[in-house]
Amino acid sequence: MRDSSRHHSDHGLENHGLYNLNSVYWNLTTAELYEEAIRRREAMLAHLGPLVVRTGHHTGRSANDKFIVDEPGSRDRIWWGKVNKPISEAHFERLHTRMVSYLQMKDVYVQDCYAGADPDHRLPVRIITETAWHNLFARNLFIQPADHELADHLPQFTVINSPRFHADPGIDGTNSETFILVNFAKRLVLIGGTSYAGEIKKSIFTVMNYLMPSSDVLPMHCSANMSTDGRTALFFGLSGTGKTTLSADASRLLIGDDEHGWSDNGVFNFEGGCYAKMIRLSRENEPEIYSTTERFGTILENVTLDSATRRVDLDDDSLTENTRGAYHISAIPNAKEDGCGGHPDTLIFLTADAFGVLPPIARLTADQAMYHFISGYTARVAGTEKGVTEPSPVFSACYGAPFMPLHPHDYAQLLGRRIEKHQAEVWLINTGWTGGPYGEGRRIPIPHTRALVNAALDGRLKGIACRRDPVFGLDVPESCPGVPDELLDPRGTWADPERYDRQAARLAAMFRENFEEYADEVDPRIRAAGPGA
């Protein structure tokens with residue numbers, strides 16, 4: 001075995017069961033990983049410097065292929081069900097043995113790094129990959145130690161990522177040849193059968209979501225930014241609700257775009273980089289993110305590349321709608337590179353209500369905040385399939401159910417305590433439709449949504465009279481600077497108010513039906529804070 005590095009950890013790979021390897025590349029720089037990825041023909045160099053890669057038939061997460069090992073130390077804490085599916089210790093050991101055997105006499109790449117910008121809560125992690133470009137992904141997305149820290153780096157969690165190694169569902173207890181296995185006892189994650197780099201990022205997020213609550217830290221699937229005078233805001237929301245767009249504000253400092261913790265010290269980024277959607281990105285609408293596609297160090301995943309001119313086409317979705325860019329947060333000009341902020345004074349829950357009945361903005365009490373946090377509501381628009389003509393609700397607990405190993409109420413309790421302790425205001429903002437459902441009404445204009453967000457952040461809604469929404473029980477401001485008053489009353493925007501009433505009642509019933517899943521564990525006052533309760 002040949003070690004190739006300048007900064008070598010004393011904690012060797014034999015601690016992870018890896019022996020008889022060929023070359024081990026420890027903590028290579030971005031430039032060195034570029035050279036390796038191109039030498040091995042894993043990637044192509046695009047115009048102005050990004051590295052373009054393909055992930056094959058897996059262009060997104062494989063939710064049905066993720067398992068948590070059922071072992072005594074974590075068994076009673078995990079919220080088992082359709083999200084957190086168990087796999088036996090025996091199956092894990094069999095796969096681990098075969099995986100490390102497969103890697104014998106092969107090159108591997110190692111990045112020793114941290115998850116968590118707060119020194120009091122950072123987790124030393126090790127990412128071992130079969131390919132150079134996946135190692136560059138880890139270098140971009142996680143937090144890099146100083147050179148002098150690497151020799152003593154002792155990983156508390158390790159990911160072994162081997163896309164070309166496949167499971168055998170017949171003997172391995174998996175659903176397919178693809179697998180993402182999280183073992184909290186061994187502090188080890190195994191990923192195989194998929195090249196989608198997001199699995200690396202989200203497996204460590206799952207780990208943080210399991211570990212942090214034990215240290216009284218609330219892990220959150222949200223973006224965070226800060227005003228120039230130090231006021232921190234959080235933005236929660238599922239895909240398509242505007243979380244990235246609305247938190248990317250040139251007048252504010254970006255703490256992070258996706259994963260954070262909230263400790264007694266304040267808010268801190270779990271990551272050191274961003275993994276942004278690239279499809280139809282434009283220089284005009286998102287100049288800061290767009291600029292990352294024209295720089296050395298960025299990985300563009302499944303973005304179309306002209307092999308002759310080496311220019312990318314961000315509008316081309318022929319490979320997938322889920323084209324991605326992975327870049328270090330220093331690529332964003334207004335990023336707060338230490339990844340830390342104070343205690344937030346404003347939390348914004350974003351939802352894209354395609355039913356067209358939720359108000360554009362509403363103030364939430366602490367109990368309502370916990371209810372809507374557990375619900376994690378947005379809506380999908382009607383598709384192109386024959387007979388599909390109506391929106392469909394999407395409920396994802398804590399705005400990130402696939403990555404939450406504990407019961408949603410555990411996270412909600414932490415959120416409620418933080419809100420009350422720091423007197424944070426919580427706002428529900430609908431970035432979806434008004435005047436009717438999708439297909440009939442219109443999308444709430446982005447300038448009006450930005451005006452609502454800015455008013456909430458700047459405190460200009462304090463003292464504004466509110467009305468109580470009779471269906472959803474929310475306090476809705478009667479006016480907001482820069483927003484027409486009539487937009488704030490969704491019922492009044494419908495041509496047929498009685499039809500609005502029926503639609504609102506339907507959505508309220510969907511909320512109640514979804515919340516039944518959590519009813520046995522949740523405090524009755526939180527359940528009573530929901531619509532129509």
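## The second largest pocket

The lining of the second largest pocket comprises 8 nonpolar, 6 polar and 5 charged residues (Ala, Val, Leu, Ile, Met, Phe, Trp, Tyr, Cys and Pro count as nonpolar, Asp, Glu, Lys and Arg as charged, and the others, Gly among them, as polar). The model is predicted: local features need pLDDT of at least 70 and side-chain atom pairs 80 or more, while totals for chains, interfaces and linings use all residues. Residues are numbered from 1 along each chain as its sequence is written, and side-chain values use heavy atoms, with hydrogens and water left out.

The volume of this pocket is about 230 Å³. Of its 19 lining residues, Ala 117, Ile 143, Gln 144, Glu 337 and Asp 338 are the closest to its centre. A pocket is an open set of points on a 1 Å grid where a 1.4 Å probe fits, with protein on both sides within 12 Å along at least five of seven lines; lining residues have an atom within 4 Å of a point.

## Helix 1 and helix 4

Helix 1 (residues 30-39) packs against helix 4 (residues 132-141) at an angle of about 155°, and their axes are 8 Å apart. The two helices are therefore roughly antiparallel (angles over 145 degrees). Their contact (heavy atoms within 4.5 Å) involves Thr 30, Leu 33, Tyr 34, Glu 36 and Ala 37 of helix 1 with Ala 132, Trp 133, Asn 135, Leu 136 and Arg 139 of helix 4. These residues divide into 6 nonpolar, 2 polar and 2 charged.

## Helix 9 and helix 13

The axes of helix 9 (residues 366-375) and helix 13 (residues 497-515) cross at roughly 80° and come within 10 Å. Helix 9 and helix 13 are therefore roughly perpendicular (65 to 115 degrees).

How values were computed:
Axes are lines fitted to C-alpha atoms, for helices over the stretch in contact, and angles run from 0 to 180 degrees between N-to-C directions. Helices (H or I, at least four residues) and strands (E, at least two) are DSSP runs, numbered from the N terminus. Angles under 35 degrees count as roughly parallel, over 145 as roughly antiparallel, 65 to 115 as roughly perpendicular and the rest as oblique. Grid points are joined across faces, edges and corners, and a volume is the space filled by probe spheres set on the points.
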